[in-house]
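Here's a quick briefing to read alongside the sequence and the 3D view.

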Amino acid sequence: MVKSDTNAYKYALISVFLWSTVATAFKYSLQYLSPEQLVLYASLTSLLILFIILIIQKKLDQVLSYIRKNSILILTLGAINPFLYYLVLFKAYDLLPAQEAQAINYTWALMLAYLSVPFLKQKLKFTDIIAGIICYFGVLIISTKGEPFSLNFSNLDGVLLGLLSTVLWALYWIFNTKSKADPVVSLFCNFLFATPLIIVYYLVTQPIVIPNITGVLGAIYVGLFEMGITFLFWLKAMQNATNTSKIANLIFISPFISLIFIYFILNEKIYISTLFGLSFIILGLIIQTSKKFK
């Protein structure tokens, strides 16, 4: 494939824009659905769209072969993502303002570096420690609304769930290193194996009710643009890029664009402390990922 930075930036910016909308979509949908309902309807949507994509790409024949050889790995990955990760993440969004939940969620890349030490036997660098101090101080600023030393959290349960979601997402990518399949095939199989788990959990924990149509439309949006199509745009961006690090750094503008949607659509007051805290988080992530600091 001939690489083209023009196409890479185009696909990457589409991804960044779509991902910038999902925090708003989560919070909006949760006004009408429980976290369990949102996980169920969004996952079903994503499963369907990934199935259609596999048909278009003529990769459906790879699914059975991959399942036969990797059923335990697929079950493990599917149990983490989409089942546990999104259930925990949506519960965090249900308890926290969108601006807080999305900022905390962005620290998953740092958690990945820390968990790679015991799981992948990688070495923890001094810059990882400094980045962690900066990032989590940013989380503290946001979750205490600008009073980090008071330790007076706006919602401690929500903050803990948000941090737990970063652990789950990091573990998903660590275990995903064992998968050698096409990314779309692998992701589809994860959703295929996770869907029965999600349905059983939903039936055990939730009453059977007719879902709110507005909430369902929100869940469909989440399934399309958080779990499904956007992933493919980002994959195309990485494949077309001559320098993937330049493309990857575009993701740092996403949380700030997200605040615009949160303000205008959800009518959330954006606190100055959120901007300061988010700036600390992004600075920490830049330090952690930049070769210059290493």
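Is Phe 17 buried, exposed or partly exposed? Phe 17 has 45% relative accessibility, so it counts as partly exposed (buried means under 20% relative accessible area, exposed over 50%, partly exposed in between, with a 1.4 Å probe and protein chains only).

Before going on, note that this is a predicted model, where local features need pLDDT of at least 70, side-chain atom pairs count only at pLDDT 80 or more, and totals for chains, interfaces and linings use all residues. Residues are numbered from 1 along each chain as its sequence is written, and side-chain values use heavy atoms, with hydrogens and water left out.

**Aromatic pairs**

- The structure holds 19 aromatic pairs (rings of Phe, Tyr and Trp, the last with its six-membered ring, pair if their centres lie within 6.5 Å; planes under 30 degrees apart count as stacked, over 60 as edge-to-face and the rest as tilted).
- Phe 17 and Phe 261 are one of them: their ring centres are 5.7 Å apart and their planes sit at 75°, so the pair is edge-to-face.
- That pair ties together distant parts of the chain, since Phe 17 is in helix α1 (residues 5–29) and Phe 261 is in helix α12 (residues 254–265), 244 residues apart. Helices here are DSSP runs of H or I with at least four residues, numbered from the N terminus.
- Phe 83 and Tyr 201 also make an edge-to-face pair, with 5.6 Å centre to centre and 70° between the planes.
- This pair links distant parts of the chain too: Phe 83 belongs to helix α3 and Tyr 201 to helix α8 (residues 183–205), 118 residues apart.
- Phe 83 is buried, at a relative accessible area of 12%, whereas Tyr 201 is partly exposed at 29%.
- Ring pairs also join up into a cluster whose members include Phe 26, Tyr 85, Phe 90, Trp 108 and Trp 173.

**Nonpolar cores**

- As background, nonpolar side chains tend to be buried together in soluble globular proteins.
- In this model, the largest nonpolar core has 70 residues (such a core is a set of buried Ala, Val, Leu, Ile, Met, Phe, Trp, Tyr and Cys residues joined through side-chain atoms within 4.5 Å).
- Helix α3 (residues 61–95) gives the most to this core, with 15 residues.
- Phe 90, Tyr 93, Cys 189, Val 222 and Ile 281 have the most contacts inside the core.
- There's a second, separate core of 9 residues, and among them are Tyr 11, Val 16, Ala 241 and Ile 247.

**Cysteines**

- Cys 189 is buried, at 0% relative accessible area.
- Leaving out residues up to four places away in sequence, Cys 189 touches Val 63, Tyr 66, Ile 67 and Ile 74 (contact means heavy atoms within 4.5 Å).
- Cys 135 also counts as buried, with 0% relative accessibility.
- A search of the whole structure turns up 0 disulfides (pairs of cysteine sulfur atoms within 2.5 Å).

- Ile 282 is found in helix α13 (residues 272–289) and is buried, at 7% relative accessibility.
- Not counting residues up to four places away in sequence, Ile 282 touches Phe 252, Pro 255 and Phe 256.
- Ile 253 sits 29 residues from Ile 282 along the chain, and their C-alpha atoms are separated by 9.0 Å.
- Thr 274 is in helix α13 as well and counts as buried, at 1% relative accessibility.
- The Thr 274 side chain makes a polar contact with the side chain of Gln 99, at 2.6 Å. For a polar contact, N or O atoms must be within 3.5 Å; within protein, one must be able to donate a hydrogen and the other to accept it, and residues adjacent in sequence count only if both atoms are side-chain atoms.

**Backbone details**

- Helix α2 (residues 35–57) has 23 residues, and at 1.5 Å a residue they should span 33 Å; the end C-alpha atoms are 32 Å apart, which agrees. The expected span is 1.5 Å times one less than the number of residues.
- Lys 58 lies in the loop between α2 and α3 and is exposed, at 72% relative accessible area.
- Lys 121 has a positive phi near 60° too, in a residue other than glycine.
- The loop between α5 (108–120) and α6 (126–143) holds Lys 121, which counts as exposed at 69% relative accessibility.
- A cis peptide bond, with omega about 25°, joins Asn 81 and Pro 82, and Pro 82 is in helix α3.

Note on methods:
Helices (H or I, at least four residues) and strands (E, at least two) are DSSP runs, numbered from the N terminus.
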